[in-house]
Amino acid sequence: AASTKLSSAAQVIKSNLASLIAPTDRGRAPNTDRELLEAEFQRLEDQCTYKEPARTPLVEGSWTVDYTTATPPSNGELGPFKGIAQQEVELQSGVYRNILRVPPNDWLTATLEATWEEWDGEFLEDQGATKSAGASDSSTGGSVSDESRQVSMKKSFSSIFAPKLDDDKNGDADYGATCWVVTFKTLTIRFLGFPLVKQTFENTKRVWRTTYVDEETRIVRAGRTGRMDDEMMFYMT
């Protein structure tokens, strides 16, 4: 992908976020100031230079979840064990993986295999709390107001669809520019590389909204239905 020069504002915000995230144990610490972090995430989202962030080649590759508002195992916890959650995206094949790795030497892993396609804007049926990687039933921990997140979502979509607001009313909004619908296929838990458990999903879907991306950072807000009130935050590098 072509090199993208970050604005000085984006660089400052990302530096602030690195300092704020460091003591949160990837968002798992109980005293995490989610409201303050959410404000910084929204500031960075405002700096996104891509009109179609979900379509840029920059989203491809392996991403490590530095911070999330999700519950286990999406936050890197598997039972009593804490690990690191990663996301792998293959654009050409339309394959997506969430991988939880428990150190040392990845002795315990959980891998969610999924496919994705562009979202058409139709809300999904709420299938409840399927607690698998990227499928958690959590919100933002209760400290980030719905009003704050509603403002963020409106800003995100209005900036993308500003030239065609009249068309939006007719159902012509380009939701695929920012959003994927992800279909879960299998979840496999391995111990020392040997499969322990393999679960197959039937028509389990989620909506993933990319709100920021550059060569080294990606923000995704993921939820069960496509509505903002069930979204979770994933900040990745």
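These legends describe close-up views of a predicted model.

Local features need pLDDT of at least 70, side-chain atom pairs count only at pLDDT 80 or more, and totals for chains, interfaces and linings use all residues. Residues are numbered from 1 along each chain as its sequence is written, and side-chain values use heavy atoms, with hydrogens and water left out.

**View 1. The whole chain.** The protein chain has 4 helices and 11 strands. Both are DSSP runs numbered from the N terminus (helices: H or I, at least four residues; strands: E, at least two). Of its 237 residues, 50% count as buried. Buried means under 20% relative accessible area, exposed over 50%, and partly exposed in between (1.4 Å probe, protein chains only). Contact means heavy atoms within 4.5 Å. Among contacts between residues at least 6 apart in sequence, 66% join residues at least 24 apart.

**View 2. Helix H1 and its cover.** H1 runs over residues 8-21. Its 14 residues should span 20 Å at 1.5 Å a residue, and its end C-alpha atoms are 20 Å apart, which agrees. The expected span is 1.5 Å times one less than the number of residues. Ala10, Ile13, Lys14, Leu17 and Ile21 are buried in H1. They cover an arc of only 100 degrees around the axis, which puts them on the same side of H1. The arc is that of the directions from the helix axis to the C-beta atoms. The face turned away from this buried side carries the exposed residues Ser8 and Ser19. Cover for the buried residues includes helix H2 (34-45) and strands S1 (61-68), S9 (205-213) and S11 (232-236).

**View 3. The Lys14 to Glu216 salt bridge.** A salt bridge is a side-chain nitrogen of Lys or Arg within 4 Å of a carboxyl oxygen of Asp or Glu. The side chains of Lys14 and Glu216 form one, at 2.8 Å from N to O. Lys14 lies in helix H1 and Glu216 in the loop between S9 and strand S10 (218-223), so the pair ties together parts that are 202 residues apart in sequence. Lys14 counts as buried, at 10% relative accessibility. Glu216 is partly exposed, at 47%.

**View 4. Other salt bridges.** The whole structure holds 18 salt bridges. One of them joins Asp174 and Arg55, at 2.8 Å from N to O. Asp174 lies in the loop between helix H4 (165-168) and strand S7 (179-191), and Arg55 in the loop between H2 and S1, so the pair ties together parts that are 119 residues apart in sequence. Asp174 is partly exposed, at 25% relative accessibility. Arg55 is also partly exposed, at 28%. Elsewhere, Glu88, Glu90, Arg97, Arg101, Asp106 and Glu113 are linked in a network of salt bridges.

**View 5. The nonpolar cores.** A nonpolar core is a set of buried Ala, Val, Leu, Ile, Met, Phe, Trp, Tyr and Cys residues joined through side-chain atoms within 4.5 Å. The largest has 29 residues, and those with the most contacts inside it are Tyr96, Trp180, Val182, Trp208 and Phe234. Strand S6 (108-118) gives the most to this core, with 5 residues. Beyond its neighbours within four places in sequence, Phe234 is in contact with residues including Val65, Tyr67, Trp208, Ile219 and Val220.
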